[in-house]
Amino acid sequence: MEETKGNIHPLSRTMDEIVRIFTDMGFEIALGPEMENEYYNFDALNFPKNHPARDMQDTFWLKGVKETVLRTHTSNAQVRFMEKNKPPLRIVVPGKVFRHEATDATHETQFHQIEGLVVGENVTLPNLKATLETFFKKLFGDDVKMRMRPSFFPFVEPGVEIDISCFLCGGSGCSVCKKSGWIEVMGAGMVHPNVLIAGGIDPRKYAGFAFGMGVDRLVMVKYGIEDVRLIYSGDLRLVNQF
Ligand SMILES: [Zn+2]
């Protein structure tokens, strides 16, 4: 009879690998609750009251529980951690997040994120860039290139979108990177002063950067999985391939 071996799911394996790279770089692991109140998920992160992300079309609101959502990002841990800890802070927050949307090959109602937060004196955008370049080289090898594009998220100012050179075609263009040679992997930026204030940290003395990446997408690209729903299917044919 053939022996049956256990296998670690590619998602768990990638989460572990990413977290290990950051803890090797001196980051601590922090966790936040999956069931979160509106304050830590939105208000404390500088989302205006009328921001579309709060809409019931995008966010799961829990019935009968006032102002409670299934967290839409692991950023909910930022202000919780700042309230309890003094700078310098260096944390990563791995976990599951939820969005209320129709599922298809690239969208699921749950997925995984890893958030990073660094707060200290003299923390700058070049520090963010250097930290992420080091991270991507450790994850994908020395040849990987990274670029930053201006973007907007309520809890950072300035905000940036991070692309890395496609690790399948090396930048020459393929179907995964839609012939562009680049893959969008992360949102990031300098922590907005209002978020530091919400965490009880003086923005005149301290600055910070934050970044957040969707892990499912990295897993799909890395392992050539074409439908995100397969990741959560529990289908052993998927797990046993790797
Ligand atoms: Zn490519």
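Modeller: Let us begin with P158, which is found in strand β7. Helices (H or I, at least four residues) and strands (E, at least two) are DSSP runs, numbered from the N terminus. A cis peptide bond joins E157 and P158, with omega at about -5°. Residue numbers start from 1 along each chain as its sequence is written. The model is predicted: local features need pLDDT of at least 70, side-chain atom pairs count only at pLDDT 80 or more, and totals for chains, interfaces and linings use all residues.

Colleague: Which residue is joined to P88 by a cis peptide bond?

Modeller: That residue is P87, and omega is about 0°. P88 lies in the loop between α3 and β4.

Colleague: In what order do the strands of the sheet lie?

Modeller: Two strands pair if DSSP finds at least two bridges between them. Here seven strands form an open sheet of mixed pairing, in the order β1-β4-β5-β9-β8-β7-β6. Its edge strands, β1 (28-29) and β6 (146-151), each pair on one side only.

Colleague: How many bridges join β9 to β5, and how many join β9 to β8?

Modeller: Strand β5 (residues 110-120) is joined to β9 by eight bridges, and the two run antiparallel. Within this pairing, E115 stands opposite G212 of β9. Five bridges join β8 (residues 182-191) to β9 (residues 207-214), again antiparallel. There, G189 faces A210 of β9, and M190 stands opposite F209.

Colleague: Is β9 largely enclosed or open?

Modeller: A residue is buried if 20 or more other C-beta atoms lie within 10 Å of its own, exposed if 12 or fewer, and partly exposed in between, with C-beta atoms placed from the backbone. Seven of the eight residues of β9 are buried, so the strand is largely enclosed by the rest of the structure.

Colleague: Which residues of helix α3 are buried?

Modeller: In α3 (residues 77-84) they are A77, Q78, V79 and M82. Residues are in contact if their C-beta atoms, placed from the backbone, lie within 7 Å. The buried residues of α3 pack against α2 (38-41), β4 (89-98), β5, α5 (193-198) and β9.

Colleague: Where is A44, and which residues does it touch?

Modeller: A44 is in the loop between α2 and β3 (68-70). A44 counts as buried because it has 23 C-beta neighbours inside 10 Å. Not counting residues up to four places away in sequence, A44 touches Y39, V79, V195 and A198. N46 is found in the loop between α2 and β3, and its 19 C-beta neighbours inside 10 Å make it partly exposed.

Colleague: How does one describe two packed helices?

Modeller: One gives the angle between their axes and the distance between the axes. Axes are lines fitted to C-alpha atoms, for helices over the stretch in contact, and angles run from 0 to 180 degrees between N-to-C directions. Helix α1 (residues 10-24) packs with α4 at an angle of about 135°, their axes 10 Å apart. The two are therefore oblique to each other; angles under 35 degrees count as roughly parallel, over 145 as roughly antiparallel, 65 to 115 as roughly perpendicular and the rest as oblique. The contact is made by E17, I18, I21 and F22 of α1 with F135, K138 and L139 of α4.

Colleague: Which strands does α4 lie across?

Modeller: Helix α4 (residues 125-140) lies across β6, β7 (156-165), β8 and β9, and runs at about 135° to β6.

Definitions and conventions:
Contact = placed C-beta atoms within 7 Å.
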